[in-house]
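Please look through the structure below, then follow the paragraphs that come after it.

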Amino acid sequence: MKSTQLHIMVAGGGVAGMEAAGTLAEMGYRVTLVEKGDEPGGHLLQWHALFPDRRPAEEVRSYLRKRIEHRNISIITKTTVEKIRHHISGLEVNLSGGTSEKADAVIVSTGFDLFDASRKEEYGYGIYDNVITSAELEVMFNRGRVAKADGTVPSRIGLIHCVGSRDEKVNNNHCSKVCCVTAVKQAIEIRKMLPSCEVFCFYMDMRMYGPYYEELYRESQEFYNVNFIRGKVSEASVNINNRLVIKVEDTLAGRPLKMELDIMVLMAGMEMAASGMKLAEASGMKRGINRFLETTDHHYGNNLSGIKGVFYAGTCTAPMNITDTISHARAAVAETVRYLNGR
Amino acid sequence: MSAGQANRFGFVINPSRLIDYDTSDRKVREYITLREPSFTLCFACGGCAATCTAGQHTSFNLRRMNTYIRRGEIEPLREEVTRCMLCGKCLLVCPRGVNTRNVVSLAAEAIRKLERNEL
């Protein structure tokens with residue numbers, strides 16, 4: 001069958017879904033991209049700049065927008081994929097709102113949810129005004145002003161790594177991979193914006209795994225005077241001057257340390273998206289112990305669901321950065337085409 | 001003459017600070033690991049030491065103690081274990097789910113046994 005007659009549904013219009021849809025359309029397939037928000041773009045829509053080079057996120061957004069401007073792609077917004085089931089003539093995909101569509105293959109790219117930082121109660125997110133998440137800091141960067149809740153300029157900001165990651169207490173043993181380098185990127189941005197504001201990163205391990213990440217870490221020390229303290233913050237409170245006070249062990253000094261902060265930024269980790277979990281439950285897709293979708297093989301089957309005609313792309317399988325998400329989406333397309341050609 | 005004191009020639013011999021992993025005594029580690037397997041999960045984040053009340057005023061540091069036990073460095077433990085008040089705040093913090101309080105109890109128990117040659 002000619003590719004133009006084949007229809008592929010893509011569930012989720014973030015980075016992975018957009019790249020997958022664009023690649024398939026380019027190859028001549030008919031694609032329907034289903035996005036739960038008002039427009040495709042996913043988490044990237046709120047982001048100001050990207051690691052490791054701090055380029056504007058808009059550059060990647062506009063690349064992806066162009067990617068899905070194709071006559072073979074129809075986009076359905078404000079809609080989620082509820083269920084994928086096998087049908088005599090292929091797959092049937094149920095959408096929220098009660099409609100359904102037939103498809104020859106489905107790429108699941110439901111992505112991740114940001115960890116709800118209020119679950120780490122000891123950090124006081126949602127209780128203290130000046131405790132914010134890394135995503136909220138990006139919004140401040142977008143507005144061009146980093147300020148305390150009362151509008152005043154902060155003189156010291158702390159970035160807390162591993163919030164909701166590597167933490168059994170919130171049922172997330174996995175590392176979210178991107179938060180370390182995001183913290184370093186954001187620390188540099190704060191220092192550039194507010195040169196008199198001190199910045200401290202509180203980390204357990206610095207995981208600078210990608211190209212130019214380690215260089216960014218070095219740059220933050222060499223040119224921006226970002227401070228790094230190795231220790232997991234145990235709790236935050238507010239003192240009589242309405243300043244945040246954190247408790248941590250400076251594990252390299254081997255002594256407990258307290259520090260006042262004006263703003264505490266929680267580097268919220270990645271969790272399997274709730275919408276993806278719902279879809280997985282309804283469609284019999286397996287999930288790993290970290291709740292992300294389980295692929296047939298971690299090494300050579302990491303786009304394969306084990307269900308005929310259903311493939312995975314992006315952070316619905318594991319935390320990953322944008323570069324890896326785009327590669328993973330292209331690989332999902334390759335697997336999809338291989339499947340369609342082999343039928 | 002004890003090590004570290006100046007002798008009549010005017011020079012000093014300091015005791016070795018080396019952790020000699022080949023001769024160190026890891027019986028305490030084995031004793032604890034067998035009875036509290038979560039002991040092995042520590043990744044030295046220091047959350048326990050940050051929240052520890054005893055650690056604010058004494059040298060008690062559970063993160064460091066775990067490392068000493070793992071390396072078979074028993075001497076520094078003898079004093080340390082007596083300082084914990086077993087309040088269990090560290091249990092609430094630990095991101096790896098180590099049964100920290102039991103680790104301290106077992107370390108104290110192991111040292112008592114060591115002193116009575118029962119280990």
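**A parallel sheet and its helices**

In this predicted model, strand β13 of chain A, residues 198-203, runs parallel to β14(A), and four bridges join the two strands. One residue of the pair to look for is A:Tyr203, which stands opposite A:Arg230 in β14(A). On the sheet packs α4(A), which touches β12 (156-163), β13 and β18 of chain A. The direction of α4(A) makes about 170° with that of β12(A).

The pair β13 and β14 belongs to an open sheet of five strands in chain A, ordered β11-β18-β12-β13-β14, with parallel pairing. At the edges are β11 (131-133) and β14 (227-230) of chain A, each of which pairs on one side only. From one strand to the next, the twist averages 25°. In a regular strand, side chains alternate between the two faces of the sheet.

Helix α3 of chain A, residues 134-143, lies across β11 and β18 (263-268) of chain A. The direction in which α3(A) runs is at about 115° to β18(A).

**How the helices meet**

Two packed helices are described by the angle between their axes and the distance between the axes. For α3(A) and α4(A), the axes come within 11 Å and cross at roughly 30°. The crossing of α3(A) and α4(A) is left-handed. From α3(A), the residues that make the contact are A:Ser134, A:Leu137 and A:Phe141, while α4(A) supplies A:Cys179, A:Thr182, A:Gln186 and A:Glu189. Sorted by class, the contact of α3(A) with α4(A) has three nonpolar, three polar and one charged residues.

Helix α4 of chain A, residues 179-193, also meets helix α5 of chain A, residues 213-222. The axes of α4(A) and α5(A) come within 10 Å, with a crossing angle of roughly 35°. The crossing of α4(A) and α5(A) is left-handed. Which residues meet where α4(A) and α5(A) come together? On the α4(A) side they are A:Val181, A:Val184, A:Lys185, A:Ala187 and A:Ile188, and on the α5(A) side A:Tyr213, A:Leu216, A:Tyr217 and A:Ser220. By class, this contact of α4(A) with α5(A) has seven nonpolar, one polar and one charged residues.

**An antiparallel sheet**

Elsewhere in chain A, strand β6 (residues 81-87) and strand β7 (residues 90-95) pair in the antiparallel sense over six bridges. A hairpin of two residues joins β6(A) to β7(A). Opposite A:Ile84 stands A:Val93 in β7(A), and A:Arg85 has A:Glu92 in β7(A) as its bridge partner.

These strands are part of an open sheet of three strands in chain A, in the order β6-β7-β8 and with antiparallel pairing. The edge strands are β6 and β8 (100-103) of chain A, each pairing on one side only. Here the twist averages 25° from one strand to the next.

**Chain A as a whole**

How many helices and strands does chain A have? Chain A has seven helices and 20 strands. The radius of gyration of chain A is 22 Å, close to the 20 Å that the globule rule gives for 343 residues, so chain A is as compact as a globular protein of that length. The C-alpha trace of chain A spans about 70 × 35 × 35 Å along its principal axes.

The domain assignment divides chain A into domain 1 (3-111 + 273-342) and domain 2 (117-269). Taken over C-alpha atoms, the centres of domain 1 and domain 2 of chain A are separated by 32 Å. Where the domains meet, twelve residues of domain 1 of chain A are in contact with 18 residues of domain 2 of chain A. The side of domain 1 of chain A that touches domain 2 has, by class, six nonpolar, four polar and two charged residues.

**The contact with chain B**

Chain A also touches chain B. This contact takes 16 residues from chain A and 17 residues from chain B. On the chain B side, the elements that give two or more residues are α2 (47-51), α3 (53-57) and α4 (62-71) of chain B. The largest share of that side, four residues, comes from α2(B). By class, the side of chain B that touches chain A has seven nonpolar, seven polar and three charged residues.

Terms used: Residues are numbered from 1 along each chain as its sequence is written. Chains are lettered from A and ligands numbered from 1 in the order in which they are written. This is a predicted model: local features need pLDDT of at least 70, side-chain atom pairs count only at pLDDT 80 or more; totals for chains, interfaces and linings use all residues. Domain bounds come from an automatic or database domain assignment. Two residues are in contact if their C-beta atoms, placed from the backbone, lie within 7 Å. Ala, Val, Leu, Ile, Met, Phe, Trp, Tyr, Cys and Pro count as nonpolar, Asp, Glu, Lys and Arg as charged, and the others, Gly among them, as polar. Two strands pair if DSSP finds at least two bridges between them. Axes are lines fitted to C-alpha atoms, for helices over the stretch in contact, and angles run from 0 to 180 degrees between N-to-C directions. A crossing is left-handed if the near helix is turned anticlockwise from the far one by less than a right angle, and right-handed if clockwise. The radius of gyration is taken over C-alpha atoms; the globule rule is 2.2 Å times the number of residues to the power 0.38.
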